Amino acid sequence: MSRFRVVAAIATVVVGAALTVAVATTTASAAACATAWSPSTVYTGGQAASHNGRNWSAKWWTRNETPGSAAVWADQGVCGGTTTPPTTTTTSNPPNPGGFVVTEAQFKQMFPSRNPFYTYSGLTAALSAYPGFANTGSDTVKKQEAAAFLANVNHETGGLVHIVEQNQANYPHYCDASQPYGCPAGQAAYYGRGPIQLSWNFNYKAAGDALGLPLLTNPSLVQQDASVAWRTGLWYWNTQNGPGTMTPHNAMVNGHGFGQTIRSINGALECDGRNPAQVQSRVNAYQRFVGILGVPAGNNLSC
């Protein structure tokens with residue numbers, strides 16, 4: 001912010017494994033406060049809001065993510081002539097954003113060659129859209145669900161390398177013109193994008209409606225904003241049966257096993273012996289990821 005100047009003094013002391021940080025901040029001329037943040041308002045990248053005496057700027061699309069506790073908000077400093085008092089915090093390790101059961105270090109271990117687009121902060125920012133994801137049942141079940149989601153994502157994107165579907169010859173096939181809303185973004189606009197490769201105009205319509213995003217008219221949002229991309233993956237995981245009989249989320253939290261998540265994502269092309277190599281690729285990734293998280297894989301791994 002150019003409208004005020006912040007002078008900060010930071011002292012850090014390390015004792016054993018704990019880290020103590022003291023921060024003192026004063027302002028010479030505080031900025032005016034932006035409009036107060038509202039949990040029901042949708043903010044897009046660059047929009048400002050004030051909360052608890054500070055101004056915040058949204059990094060990307062957000063709703064109901066509290067400034068100061070969500071990675072989507074950038075702190076723009078104190079406002080309204082207030083002064084932030086010195087604070088001291090002591091912690092052994094920085095907390096995981098949103099309490100996610102997969103740490104950033106584990107995420108990087110799972111996807112060592114990932115595209116920089118697929119950020120860990122984008123994933124954790126998306127978690128608030130479906131708070132039950134990887135947050136239902138025992139600690140083991142939570143980690144199994146996170147591993148299952150990320151294993152399917154790994155398969156769909158080649159290890160979080162591909163943002164969009166690679167076979168461009170398929171692009172014109174994903175427009176179902178019989179839908180009453182048609183394909184306003186164009187015949188070839190609804191190809192696979194994001195961690196679970198969202199495709200077809202009707203899926204973009206349904207995901208956009210559920211997430212409060214204009215995905216039918218602007219499907220490219222999924223390949224431009226990491227948080228939006230992760231939200232579409234979580235939308236499918238938590239709400240869609242696909243060719244299966246249950247959502248992948250329900251499959252994991254209700255003990256039906258990893259194999260049922262495969263069936264719900266691509267069972268019509270892979271399960272029941274149709275493509276065992278593809279199924280095994282997903283299973284291998286799941287077994288590797290639960291190993292990283294330190295939990296058993298459970299039963300019914302294949303479909």
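Tutor: Buried denotes a relative accessible area under 20%, exposed one over 50%, and partly exposed one in between, with a 1.4 Å probe and protein chains only. The model is predicted: local features need pLDDT of at least 70, side-chain atom pairs count only at pLDDT 80 or more, and totals for chains, interfaces and linings use all residues. Residues are numbered from 1 along each chain as its sequence is written, and side-chain values use heavy atoms, leaving out hydrogens and water.

A disulfide is a pair of cysteine sulfur atoms within 2.5 Å, and three are present here. In one of them, Cys 33 is joined to Cys 79, with 2.1 Å from S to S. Cys 33 lies in the loop between strand 2 (18-27) and strand 3 (48-51), and Cys 79 in the loop between strand 5 (73-78) and strand 6 (87-91), so parts 46 residues apart in sequence are tied together. Helices (H or I, at least four residues) and strands (E, at least two) are DSSP runs, numbered from the N terminus. Cys 33 is partly exposed at 42% relative accessibility, whereas Cys 79 is buried at 1%. The S-S torsion of this pair, Cys 33 and Cys 79, is about 85 degrees, so the disulfide is right-handed.

Another disulfide links Cys 175 and Cys 183, with sulfur atoms 1.9 Å apart. Its torsion of about 110 degrees makes the disulfide right-handed. Cys 175 is buried at 13%, and Cys 183 is buried at 17%.

Cys 271 and Cys 303 also form a disulfide; their link is left-handed, with -85 degrees about the S-S bond. Both Cys 271 and Cys 303 are buried.
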